[in-house]
Amino acid sequence: MSLRLSPSLPLTFLLMIVDGLTVTKTFWIIDPVHGVEKPDLSKESDYSGRVEYFTDKQKHFSLKLSNVEKKDEHHYYFRIITDEYKWLGYPGVQLIFTELSVETPGAVTEGGAAVLKCVTTCSLTAPTFIWYKNGHPLTTKTTINNQLHLQPVSSEDADSYSCAVNGYQHLPSPNNTLTVRYPPKNVSVSISPPGEIVEDSSVTLTCSSDANPPVEVYTWFIEGEVSPVGSGHSYSPLQSGSYYCEARNEHGSQRSAPFFVRGNSVIVFGAVAVGVGIGVLLFLIVWMIRIKKQNRNMNALYVNVDYKTRPPEDDVTSLPDYENIQDMKIHPDDDDDACSIPEYGNAAM
């Protein structure tokens with residue numbers, strides 16, 4: 001904000017012209033004190049870089065003050081110094097700082113109502129106020145005169161608010177914060193360390209939530225049981241199961257979705273069982289193939305042997321392959337099995 005102050009000094013300059021005085025200095029001072037020479041305002045540290053002097057052909061001397069603040073409330077006077085005299089432009093100009101501010105009800109509970117007021121010390125005729133939330137104009141809320149009505153209040157209404165007079169949006173009020181109290185929301189469970197659980201290792205479940213005031217009590221449950229299994233922000237489960245946490249503050253509570261924890265021993269046991277089953281199945285397949293192959297070799301051997309006497313234990317009437325078999329005069333030793341010795345396959349005596 002900037003301000004220009006212009007005193008009316010035409011009579012003073014008329015007297016100086018008549019008397020033939022020469023002006024040597026002109027500047028502004030604040031709050032003069034009798035007997036004390038006040039310095040040039042532009043030379044004071046509090047006003048450094050904020051003061052500019054202007055004059056025109058009509059001998060209007062103006063002061064421009066930038067970045068005006070509450071502490072700038074003073075009486076400002078224009079000082080003229082000539083080669084013989086000093087003048088002070090009475091009655092001077094009084095600067096009164098007017099400001100906007102936002103009044104909030106402090107803290108409100110979610111579901112209730114809140115009224116914010118835009119207050120000004122300036123006398124305005126039927127002004128229109130513009131409201132801002134976190135610096136962004138509000139267009140969807142109800143405004144009545146200089147008041148902003150929030151009903152019902154939600155946790156999303158907790159933020160910084162400011163206001164401005166329409167037409168002076170570049171001069172908004174300072175921000176003021178509205179606090180909203182609400183029960184726990186968005187309760188969730190996370191696991192650490194993440195990923196597959198290593199056998200004989202431990203894991204930690206952590207409960208997180210959004211609440212104001214913060215959560216006072218965290219309670220842990222395993223699905224299917226009534227009694228809690230633990231308490232605190234974190235919990236280390238001792239067995240497999242579906243776990244959930246309950247977060248509570250003075251305004252209510254909320255439970256998380258179940259989080260399933262499976263121990264690695266169960267996974268290892270399943271893998272071993274599957275591995276043993278596959279091994280047994282492969283063994284049976286190989287054994288059956290070998291038996292079938294051995295039987296096929298034995299059948300081929302009997303077809304090519306010339307026996308004169310049929311084995312009494314065989315029913316030759318049902319085996320056409322034995323019709324031309326003649327007795328053998330040469331037999332292997334009693335300890336040998338002719339069916340398993342290929343050298344005797346085509347023997348004929």
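Predicted model: local features only at pLDDT ≥ 70, side-chain atom pairs only at ≥ 80, totals over all residues.
Me: Ok, how many helices and strands are in the protein chain?
Reply: The protein chain has two helices and 23 strands. Those are DSSP runs numbered from the N terminus: helices are H or I with at least four residues, strands are E with at least two.

Me: And how much of the chain is buried?
Reply: Of its 349 residues, 30% count as buried. Buried means under 20% relative accessible area, exposed means over 50%, and partly exposed is in between, using a 1.4 Å probe and protein chains only.

Me: What about contacts between residues at least 6 apart in sequence?
Reply: Of those, 54% join residues at least 24 apart. A contact means heavy atoms within 4.5 Å.

Me: Which residues have the most contacts inside the largest nonpolar core?
Reply: Leu116, Trp131, Leu150 and Leu178, in a core of 17 residues. A nonpolar core is a set of buried Ala, Val, Leu, Ile, Met, Phe, Trp, Tyr and Cys residues joined through side-chain atoms within 4.5 Å.

Me: Which strands each supply at least two residues of this core?
Reply: Strands S8 (100–103), S10 (114–120), S11 (129–133), S14 (147–150), S15 (159–165) and S16 (176–192) do. There's also a second, separate core of 15 residues, which includes Val189, Val215, Tyr218 and Trp220.

Me: Back to Leu116, what does that one touch?
Reply: Leaving out residues up to four places away in sequence, Leu116 touches several residues, among them Val102, Thr104, Trp131, Leu150, Tyr161 and Leu178.

Me: Thr104 is in there. Where does it lie?
Reply: Thr104 is in the loop between S8 and strand S9 (107–109). Thr104 counts as partly exposed because its relative accessibility is 23%. The C-alpha atoms of Thr104 and Leu178 are separated by 6.3 Å, though these residues are 74 apart along the chain.

Me: New topic: how many disulfides are there?
Reply: The count comes to two disulfides, where a disulfide is a pair of cysteine sulfur atoms within 2.5 Å. Cys118 and Cys163 form one, with their sulfur atoms 1.9 Å apart. This pair links distant parts of the chain, with Cys118 in strand S10 and Cys163 in strand S15, 45 residues apart.

Me: Are Cys118 and Cys163 buried or exposed?
Reply: Both Cys118 and Cys163 are buried. Their link is right-handed, with 75 degrees about the S-S bond.

Me: Which cysteines make the other disulfide?
Reply: Cys207 is joined to Cys245, S to S 1.9 Å. Cys207 lies in strand S17 (residues 204–212) and Cys245 in strand S21 (residues 241–249), so the pair ties together parts that are 38 residues apart in sequence. That link is right-handed as well, with 60 degrees about the S-S bond.

Me: Why does Cys207 count as buried?
Reply: Because its relative accessibility is 0%.

Me: Now Asp72, where is it?
Reply: Asp72 lies in the loop between strand S4 (61–66) and strand S5 (75–82). Asp72 is buried, because its relative accessible area is 1%.

Me: What does its side chain reach?
Reply: The Asp72 side chain reaches the backbone nitrogen of Glu69 at 2.8 Å. The side chain of Arg50 also makes a polar contact with the side chain of Asp72, at 2.9 Å. A polar contact is a pair of N or O atoms within 3.5 Å; within protein, one must be able to donate a hydrogen and the other to accept it, and residues adjacent in sequence count only if both atoms are side-chain atoms.

Me: And Arg50, buried or exposed?
Reply: Buried, because its relative accessible area is 9%. Arg50 sits in the loop between strand S2 (23–30) and strand S3 (51–55).

Conventions
Residues numbered from 1 in each chain as written. Heavy atoms only, no water.
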